[in-house]
Every structure is written in structure tokens, then in C-alpha cells.
Amino acid sequence: MRNPEPRIEPDGETRGVCCYCGTGCGVIIERKAGRISGVRGDPAHPANFGRLCTKGSTLHLAAGLAGRALYPELRGARYLPRQRTDWASALDAAAARFADIIERHGPDAVAFYVSGQLLTEDYYVFNKLARSVVGTNNIDSNSRLCMSSAVNAYEATLGADSVPCSYEDLALTDHLLIAGSNTAWAHPVLFRRIEEARRADPDLFITVVDPRRTETAEFADLHLQIAPGADALLYNAMLHVLVWDELIDRDYIRAHTSGFEDLRARLVDYSPGNVATACGVAAADIIAAARRFGRARAALSLWCQGLNQSQHGVANNAALIHLHLATGHIGRAGAGPFSLTGQPNAMGGREAGAMASLLPAHRDPASAADRAEMARLWGVPSLPARPGLKAVELFDALADGRVKAVWIACTNPAQSLPHQDKVRAALAQAEFVVVQEAYADTETADFADLLLPAASWGEKSGTMTNSERRVSRARAAVAPPGEARADWVIAADFARRLARMLGRDEAHIALSFGFAGASDVFAEHAALSAGRDCDMSGLSHALLDAAGPQQWPYPSGATHGTSRLFGDGRFPTPDGRARFAAFAIPGRAALLPDVVDARHPFVLLSGRMRDQWHGMSRTGKVARLWGHAPRAQAHMNPADLERRGWDDGMLLRLANQRGELVLPVVPDPTIAAGQVWVPMHWGAAMLAQPGANALSSSATDPLSGQPALKGASVAISRFEADWRGAWALDVADAAGMARCMATTRPLLARFGYAALSVTGGERPVVTLHVAAAEMPEEALLDAVDACFGVRGEDATLVFEDTRRGVLKRVRIAGGELRALRLCGEVAAFDWLVASMGRGQLADTVKPWLFVPLDHAPVALPVVGRIICSCHGVAEQRIVEAIRGGADLPGLQTLLKCGSACGSCLPELRRLLADRGAAALSG
């Protein structure tokens, strides 16, 4: 079985779903000659009504072959390169290795690590494979890194992982609390809805809780710039105010909840005055936020990783949910606790039970009754009782040898997990690593003994569930490239082969994994949910095709989905009541995973950039998406820089006991003193070190197992670099970008600082900046020259001053500057690169190629940082227009910025506000 999908006409359009965040935007995929040629928002999809953000609107630009895994590759022996093989040989080899390890060490010596980017059907088959064939609960998902604390908190308070709200509530609330989420960048299409709600109701009050003054915080009426890790303190203090001011709904508490009096007794020490210093928020602001919440007609809260990625993330979540239960702001229009999922199908994975702590349809693997029921439904004698390993535990077990083999699907743990040195060492010494992946150029692919090419967005069919419980159909618009297969097809084929080698009942396994298509997989998955809180037994591919996306519960016989839950005050708990969870008051627990002291005085925070996603394996293929943030930088408060004598752009070394990271610093007044913020996306594929997660803590929440990816303590010092170099290559397309970056990547770690990036206009230009304490050996420079096409024989012009260690080369072709190398002195690099990729004639700049000027001596197009990715509008042009008197409508008319997807609107408002403040101060 290769890809059991219907034949696709070479030209046409197909409705699908965006594969980035958990908003779940509908898209219309355009294809010509069997290739994806365009994408636009689906106006009929209720998640986005036609809107797309910068990432979603460029999906077609990332749909080529750049960096793709196209055929299976198997490593014959440790340390030898992988060789191309066929599917049968690849899967037989994998089955033989897994069977041997299982027979020698037991089923818990193998594990599966999957992804919130898989389709629900993929998730389901992997889960069935792990539990019913292998006999292990060692299957976990990268959703453990983003949503597991929300899952546990929903279960502990509401009785089930059932998000009670809908996107439509954004237009119906009169008080919106956004906690630990820069929604403007992380969920831009949802933020458009928030902007619309504010326009429709100017009285809508917005409170934002975030350690940074983000674009979202600037849109708020009240910003609580909380100290990192103090979330539970803040929400308990707000509950203290609600109780003290009699702003609670005693009738709702009495009729529909339990545990309130016990919790109330523990609130005595959580007055705003007592916690204000630890929270970093004035007591008066805590009181104001609580009163606004309590007096609202309908209060809605949104949150994301700021609450979840903490060693007490479940307590953070539960403390926020308590505010809703205490005030009755739940189960009605415009009200409720609404966690936003970070990945496109993290919710679908939770439904399918593909996490160590879950079974299908929100069943519990710790429950003997649930295990027995699933064993009966799957037709096996029993399911394993031993708890499965959660993500961090799984890789710890791989490091100490308890787990011998791991199957990784559609995720990149060699970039995304904390304590990267430990994770990479675990992967390097594992007996057998399978990586099932669409892209062959991820950091994790380097560790694969077996690389299996997987179909990607627009190439496979199934379903995805977004943050509001809405199930949508993902459809194949084109055939997968090369020999790539749908993920569930690979897992099912492996299951049959492994079962045969393990001596399982072949007839049963053939039937159990003999799905004719993705619709069969979904039908089995949906049937298992009958009667559960997430009942989808009335859904099918056919119904979704006919009626469009639907929200669960959608039981058999239903005619429509369910917009919001718990309107009747009944919750899926034994007594039908929601619960106030005592653990939401963490007592004297440390706020952060690390001690902040004189040796490590800064708190490291990380988060998303607007135009990139996860480890950039997809968005990094689109040159347009680099313009907004071309390089990773360490953002610090200007006062911290001034106090230490550090300048803008200076290279700094961030370090702790787990690792180090060298980055240029940028002054950023949105960051509080004593903190440093680094974007999460850059890893070892782009930098000399594995990014922010080289430093992040592997401490986990004791209930959810979610790691504290934010809040590590670090020392920061100046990185002494007496030597610098820079290269640039004008490449033709995304494939050329991928080739240049892939060949350069193995060299990055040999420099103290290295950063790959992409810039350019009509054509992308790959750039590399490096720095070191002294001039590197000639062989290393020659290797980089080969990657960038400026070896001695390739260069058109050469300048060498060996006494000063200055080595410069350029390659000119077709009258244009095509490649560049400046070593030992790099002052002119930026303006020379600005002349590349834009048809700038080399004769214009030729006399100045080797002159150490930090500004262009001739008129060149000034680009700079891009604010509007849709129309390529740079910050400088916007600032000039504002100086000329343009307001927001004027900018939209004159420059077109903010007139397409709208993702740049928050920054446009910031620039306008800055100009207004400057005018007032002047």
C-alpha cells in the first residue's frame, strides 16, 4: 500500500487546512501541472472566513522539493552514511531491529515520539501500533512541550480535556484576559478577531499578563508585566480579591462546583499586598484586574505557552480556570477559560490518545477499566499497565539505555527539547533511531539510522482539530513527491511487519491495520468516542465533506456541532461538579526552574517570532519570511546594556550549567530589566549552538510532565571575537537556498559564533556571519568558500592582506554580484548584500567592493527590516511616511502595508505611537 488516495487531476483547487498554529484556518490550495501553485484563505471556513497570516499565505512557496526527504535511507552500520533503499527493505529492517530489541529487553525498551502536526488518522494508527502490537505506553508527542499542562488542568477542574469555548465568544465578551500569549504574533488570525471585537465594542476591556510588553500587551487596556513564573501567585491573588469584594457567584459555586471552601481557606496568604513584590506587579493593578474580571458581564480568558511551559504549569492553568468557576464565567456566550493550541492538530492528538498519559477518546491508561475497554475494542488480550515515558523522561531513558530504539515522526527533538546537549547525546548513542519526516534537513534527521520520507501538507488526506474543537478535513491537492508516503500508511505497514516478527496473530493484525484509506481510520477513531465527552461518533469524512468543519461533541444522529460546553452546569466528573483544585496554590514552590543568583543573574525567556514557526524546516524555505527577523538576537533592556557597557549588535555569550549560546544583542525596552528574550526558532541548523534550548531547563511539571522551557537562569558576558567573517550567495530559488544551507550547516559549530540567514528581493541571498577569537584555519575557510561558490577558482576578484588577516573574494556573473566573502574585515557586507538579488549591476559597486565602508558610497535601494511581508514594505519606508503625516489608513493606502493579512498591524500601531510620543516630547 503506497498512498490509498483517489486520483487527483493535475490542475484545479482543493480545500484544506493550514498546517501551522492551532487556529485551524481553512485554505484553498491551487495547483497547476500537478504542483501546488498558490493558496488563499477559504471564505467559507468558520475558523478564519478567508483570512490568512503571513505564514499561511505563503504555504505554496514552501511546497516545493527544497530539503525534502524523497526516498528511504538506511545506515548499514554506525557512523557510516545512510544509503538509499526501497520501502520493503527499509520497513523490514526497522521491524527486525525493533523485534530483536523487544525480545531481548521487553516492549518498554522501544518508544515512539510523534507530533501535533500529524493528522488525527496518523496519530491514531501510531497509538494503536504502540499499545496493541508492541505492548508499550511509551508513545508521546511534542504536544507534551506545549499543551499538556492545559490538558491536566482541564481534567483536574472541569473533569475532562474539553475546551468549553468557541472563537465566536471573542465577539461576545466584554472582558478579555490574555495570559502568557503574544496572540498578535502566535495566532494572528485570531488577533484580527480581537481587533474586530474592539472596533465593534469600544468598551471591551482587555487585560494582558506577560513578562514582556508584547504587541498584544500594547493593544491592551491593562498590562500586568508579571515576573516570570509568578502566574499562579497572580491568579490566586485575583481570586482573593474576588472573594474579599464579594464578586464571586455563590449560587454557581454552591450548585455546580466542589472544593471551594477548602481552597478559600488557603487563600488567606495570597492578598495582593502579600504577593505584589514576588509578582512584580503593583497591588493596585492586581486589584483592578480582579475587579474588572469579577464585574464583567462575560469574561473570557485566552492563554498559551507562557502559562504552560513551567514546572508548575498545571497550577498556573488551574488557578486561572478557578477565576471562571468562582464567578460563573463559563458555559455561556462570551465567557470561559480558552487555551490556545500552538500546533495545528495538538487537539486531534489528544482525542486520539497518542500521548503517554492518554488513551483514545480521553480515556486514561492508568484506569484498569479504560485499558480493558480499549483492549476489547482493539481485539487484543490486554493493554500495558506500566506508565509510559513522557517526552523528557523518554529521552532521559534513551540516554541511560533503558530505551534502546526510538521512532520519531514529524518532529524535531534535536531542536525543540530542553537541555539539547543531553538530548543529542542520547540520540547519538541509541541503538536504533527511525526518523519519519517530510524534510531531510532537520537537526534530528542527522541522527537517523533510518530516514523514511513522509507526505506533507497538501499531499495527504485526513482530519485536524483546532483550538475550538472544530474538526476539519485536510485533503491531498497533489501527490507526494518521490517515494514519500502518508504517515498512517507507513505506521500501518510497519505494524503488520513487526507483528509477524513478534509472532502475533497475523490474521487479526492484517484486519486491524488493513485500512483501505484515511476515511476508514477516522471511522474507527470516531466510533471509539461514542458516549465520551469528546463524542465524534456522528462524524465521518463524508459528513465533513458535505457539511464542512464541525465542533465536537457531535454524537451519532446529531445535525450540528456544539459551540460551547457546560451550559447546563454539568461536568464530566463523578458528581457532575467542576472542582477547585488545591494544588493551584503551590505554597512555597520556587517560581523558576533555576536559582537566579550572582553567578546566573538573568532570566532567559523564549517565544515565537511573527513570520517563523517551530524549527523553520518549512518557513525557513521562504525567503519572504526572513525579512521581518533575519537573524536570531538576544533582546535585553537598554538599562542592562548601558550598565554593563554593551552596545547594540555586540556579541554576547549566554551560558549556564547546560550549555551556551552566542548571539548579537539588541536593546529592547519591552523586556524588563534582569531578563533576556531569545526567539525559539533558531537551532543548530542555523547557529553555531543549538539555540535557546541549549540553555533551557529539563525540569518538568510533576503532574503533566511538561518541561519548563521558559525561565532558565543564565550568565551573560561579552563574547571576545577578534576575527569576523561573512559570506553571501545569490541563489536562484528555495532549492538553492536549501542546498547552500545544508552544505554549510556541518561547519557552523566550528566557529564561536555563526548565523545563517536569508535576505534578498527578486532572488534570495543566503548569508553567513561568523566570529571567532582568532582567525580559523585555512581549511575551514576553504570549506565555507566551497558552500558559497567563492573558492579561488570561482572568484572573479580577490583582495588579500595576509599581514592583517583580511581575505576578500567576489564572484560576478551576468554583470551582477553573485557571491561574496569578506574575512577579517566586514564593514561593507550589509550594503554589498543589499545590491545582490535585486538586479543591481556590479559595475555600480565594483570600485568599492573591497573598501572598508559601513555605508554605501553610491545610491542603493535601502531595504532594512521588513514590517509588511505581504507587500515587502520595510520599516524605514513606513517611518518616512509617518514623518510625512501618514496615519494608519494613510499607510494602508500609500504603501499597502496592513492591507492584506493584517499581521503587521500591531507593529504599524507601535510605530505610529512612537512617532506620536516623539512629537509630544519634542
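Guide: Helix H21, residues 518–527, has as its buried residues Ala518, Val521, Phe522, His525 and Ala526. Please bear in mind from the start that this is a predicted model.

Visitor: Which elements cover the buried residues of H21?

Guide: The cover includes helix H2 (120–134), helix H14 (346–352), helix H19 (487–501) and helix H22 (541–547), together with the strands S17 (462–465) and S18 (470–474).

Visitor: Which residues of helix H18 are buried, and how do you know that they line one face?

Guide: In H18, which runs over residues 420–429, the buried residues are Gln420, Val423, Arg424, Ala426 and Leu427. Seen down the axis of H18, these residues fall within an arc of 155 degrees, and therefore they line one face of the helix. They pack against helix H16 (391–400), strand S14 (405–409), helix H17 (413–416) and S15.

Visitor: What makes the length of helix H11 close to the expected one?

Guide: Helix H11, residues 283–295, has 13 residues and reaches 18 Å from its first C-alpha to its last, and this is set against the 18 Å expected at 1.5 Å a residue. Its buried residues are Ile286, Ala289, Ala290, Phe293 and Gly294. Seen down the axis of H11, they fall within an arc of 125 degrees, so they too line one face of the helix. On the other side of H11, Ala284 and Arg295 are exposed.

Visitor: Why is Asp449 called buried?

Guide: The relative accessible area of Asp449 is 8%, and because buried means under 20%, Asp449 is counted as buried. Asp449 sits in the loop between strand S15 (432–437) and strand S16 (450–453). Leaving aside neighbours within four places in sequence, Asp449 is in contact with Glu73, Leu74, Arg75, Arg78, Arg82, Glu431, Phe432 and Val433.

Visitor: How do you know that Tyr554 is buried, and which residues does it touch?

Guide: Tyr554 has a relative accessible area of 3%, and because the cut-off for buried is under 20%, Tyr554 is called buried. Not counting residues up to four places away in sequence, Tyr554 touches Asp535, Met536, Ser537, Gly538, Leu539, Leu543, Thr559, His560 and Gly561. One of these, Leu539, is 15 residues apart from Tyr554 along the chain, and their C-alpha atoms are separated by 6.6 Å. Tyr554 itself lies in the loop between strand S19 (550–551) and strand S20 (578–579).

Visitor: What is the omega of the cis peptide bond that joins Trp552 and Pro553?

Guide: For this cis peptide bond, omega is about 5 degrees. Pro553 lies in the loop between S19 and S20.

Visitor: Why is Cys410 counted as buried?

Guide: Cys410 has a relative accessibility of 18%, and because buried means under 20%, Cys410 counts as buried. Cys410 lies in the loop between S14 and H17, and its phi is near 60 degrees, a positive value in a residue other than glycine.

Visitor: Where does Ala361 lie, and is it buried or exposed?

Guide: Ala361 is in the loop between H14 and helix H15 (368–378). At a relative accessible area of 3%, Ala361 is buried, and although Ala361 is not a glycine, it has a positive phi of about 60 degrees.

Visitor: What makes a space a cavity, and how many cavities of 30 Å³ or more does the structure hold?

Guide: A space is called a cavity because a 1.4 Å probe fits there but cannot get out. The structure holds five cavities of 30 Å³ or more, and the second largest cavity contains about 180 Å³ of space. This second largest cavity is lined by 16 residues, and nearest its centre lie Asp441, Lys621, Ala685, Met686 and Met741. By class, its lining has seven nonpolar, five polar and four charged residues.

Visitor: What is the volume of the second largest pocket, and which residues are closest to its centre?

Guide: The second largest pocket has a volume of about 390 Å³. Of the 21 residues that line this pocket, Glu155, Gly159, Ala160, His362 and Asp364 are the closest to its centre. The lining has nine charged, six polar and six nonpolar residues, and helix H3 (residues 148–158) gives the largest share of the lining, three residues.

Key: Residues numbered from 1 in each chain as written. Predicted model: local features only at pLDDT ≥ 70, side-chain atom pairs only at ≥ 80, totals over all residues. Heavy atoms only, no water. 1 Å grid on protein atoms, 1.4 Å probe; cavity = no way out; pocket = protein on both sides within 12 Å on 5 of 7 lines; lining within 4 Å. Points joined across faces, edges and corners; volume = space filled by probe spheres on them. Helix = DSSP H or I, 4+ residues; strand = E, 2+ residues; numbered from the N terminus. Nonpolar A, V, L, I, M, F, W, Y, C, P; charged D, E, K, R; others polar. Expected span 1.5 Å × (residues − 1). Buried < 20%, exposed > 50% of the residue type's maximum accessible area, 1.4 Å probe, protein only. Arc of directions from axis to C-beta. Contact = heavy atoms within 4.5 Å.
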